[in-house]
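Hello,

Here is the structure we talked about. My notes follow below it.

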Amino acid sequence: MSTADLQSRGGISQIVNREFDCVTPENAMKWDAVESARGQYNFREGDILVNNAQQHGQKVRGHTLVWHSQLPHWVSNGHFSAAELRTIMQNHINATAGHFRGKIYAWDVVNEIFNEDGTLRQSVFSSTLGKSFVADAFRYTHAVDPSAKLYINDYNVEGINAKSTAMYNLVKELLASGVPINGVGFQTHLSLGQMHQDLQRNIERFAALGLDVALTEVDIAVHLPVDASKLAQQARDYESVFRACLAVPRCVGVTVWGISDRYSWIIQFSQGNGAPLLFDDNNREKPAYTAVKNLLSGHH
Ligand code: G3I
C-alpha cells in the first residue's frame, strides 16, 4: 500500500485498517524514496505508514533494502570501488533499518537478485561486489535490527523451476555459513488461470530448511475487459493461493499488492491487464474478496 491509500483515496484507509493485520509500503521505504541523495534521508512517508500500523495493531513488512530498481543514480552510476559500495550499502541499511528498528516485523533485505535461469542478476551490487553483497546485506541488517525477520524476496519463484531452485540453493548455502536469514518471499504476481500446481510443494521445500515463507506481493491480473466468469476464476485462483499457504505451518502470511484495482501497479505497467486485487475501482468487495474471507473465517 502507499501513503496515499491512507491519506487521499476515499474509503481505502478504512479498508486497510479493518481488513489487514500486516501492511507493506509499496514504495515508501525503497532506496530512491529514503536516500535520493547520498547521506540525506527522508523517512516521512514510511513513518506515516508505520505510525498508522502501530495505531491499528498491524505488523509491518519492510520493503526493501537492496534492490537494483528504484535505486538512485548516485548509487547505480557512481562507479564506486568495491570497498566504497559496500560502505554505501552498509550505511543505507544502518540508517534505514536503524530508523525503523523494533517496528518492522520482517525486512525484504534483498529483492529480485536472480535472472529467470537462476543466474545472479547483473546489477551495480553484483557486478561490483559479486555474490558476497547478499550475505553482507543480511549481516548488516541483523546487526542493526536483530528482532526483524530477514527475507530474500523474488518473483516467478512460486513454482519449482530454475529460478526458485537457484534461490533454494543460495539460502541453503547462506544458512550453512551462519548468515542471519529467516525467510523467503514469493512475490506471487500471477495472471488469471496461471496458478502453480506446485506452489505448496515449493513452500514446503523452503520450510523444510527451517525458514519462514511469505507470499509477499500477491495479485492476479485479468486480461481486460473484466466479466463475471473472469472474476469467478480469479476468486478460485486467490483461494488456491491462500490454501497453499494455509497448508504449510511455516507459511506465515499473504500480502496483497494493493487494495483497490484502481491504483494497482498493473494498470501502469501491464497494458491490457487490470483488476488484479480484492477490491474493485470503487472499493467494492469482489468475488475474490469473498472467497478469501470465507476461507480464512473457516480457519479461525
Ligand atoms: O513518485 C513519482 C512521482 O514523483 C512522479 O511524478 C511519478 C511520475 O511517473 O512517478 C512517481 O514514481 C512512481 C512510483 O511507482 C510511485 O508511484 C514510479 O514512476 C513508478 O515506476 C513506481 O512503480 C512502482 C514499481 O514497483 C517500480 O518498479 C510501483 O508503484 C510498485 O508497485 C512496484 O512494486 C514492485 C515491488 O517493489 C517489487 N516487486 C515487483 C513490484 C511490481 O512492479
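Buried residues make up 52% of the 300 in the protein. Keep in mind that this is a predicted model.

The exposed surface comes to about 12,700 Å². Carbon and sulfur atoms supply 48% of that area.

On the fold: the protein has 13 helices and nine strands. Its radius of gyration is 19 Å, close to the 19 Å that the globule rule gives for 300 residues, so the protein is as compact as a globular protein of that length. The C-alpha trace spans about 55 × 40 × 35 Å along its principal axes.

Contacts next. Take those with a separation of 6 or more: 77% of them are between residues 24 or more positions apart.

Charges: there are 26 positive side chains and 30 negative ones. The centres of the two sets lie 3 Å apart.

I also looked at one helix, α11, which covers residues 228-246. At 1.5 Å a residue, its 19 residues should span 27 Å. The end C-alpha atoms are 27 Å apart, which agrees.

Which residues of α11 are buried? They are Lys-230, Leu-231, Gln-234, Ala-235, Asp-237, Tyr-238, Val-241, Phe-242, Ala-244 and Cys-245. Charged residues are on that list too: Lys-230 and Asp-237. An α-helix has 3.6 residues a turn, so residues three or four places apart point the same way.

What covers the buried residues of α11? The cover includes three strands, β6 (189-191), β7 (212-223) and β8 (251-256). Helices α10 (199-207) and α13 (287-297) are also part of it.

Best wishes

Methods: Residues numbered from 1 in each chain as written. Predicted model: local features only at pLDDT ≥ 70, side-chain atom pairs only at ≥ 80, totals over all residues. Heavy atoms only, no water. Helix = DSSP H or I, 4+ residues; strand = E, 2+ residues; numbered from the N terminus. Rg over C-alpha atoms; globule rule 2.2 N^0.38 Å. Buried < 20%, exposed > 50% of the residue type's maximum accessible area, 1.4 Å probe, protein only. Contact = heavy atoms within 4.5 Å. Areas by Shrake-Rupley, 256 points an atom, 1.4 Å probe, with all protein chains shown as cover. Charge placed at Lys NZ, Arg CZ, Asp CG, Glu CD. Expected span 1.5 Å × (residues − 1).
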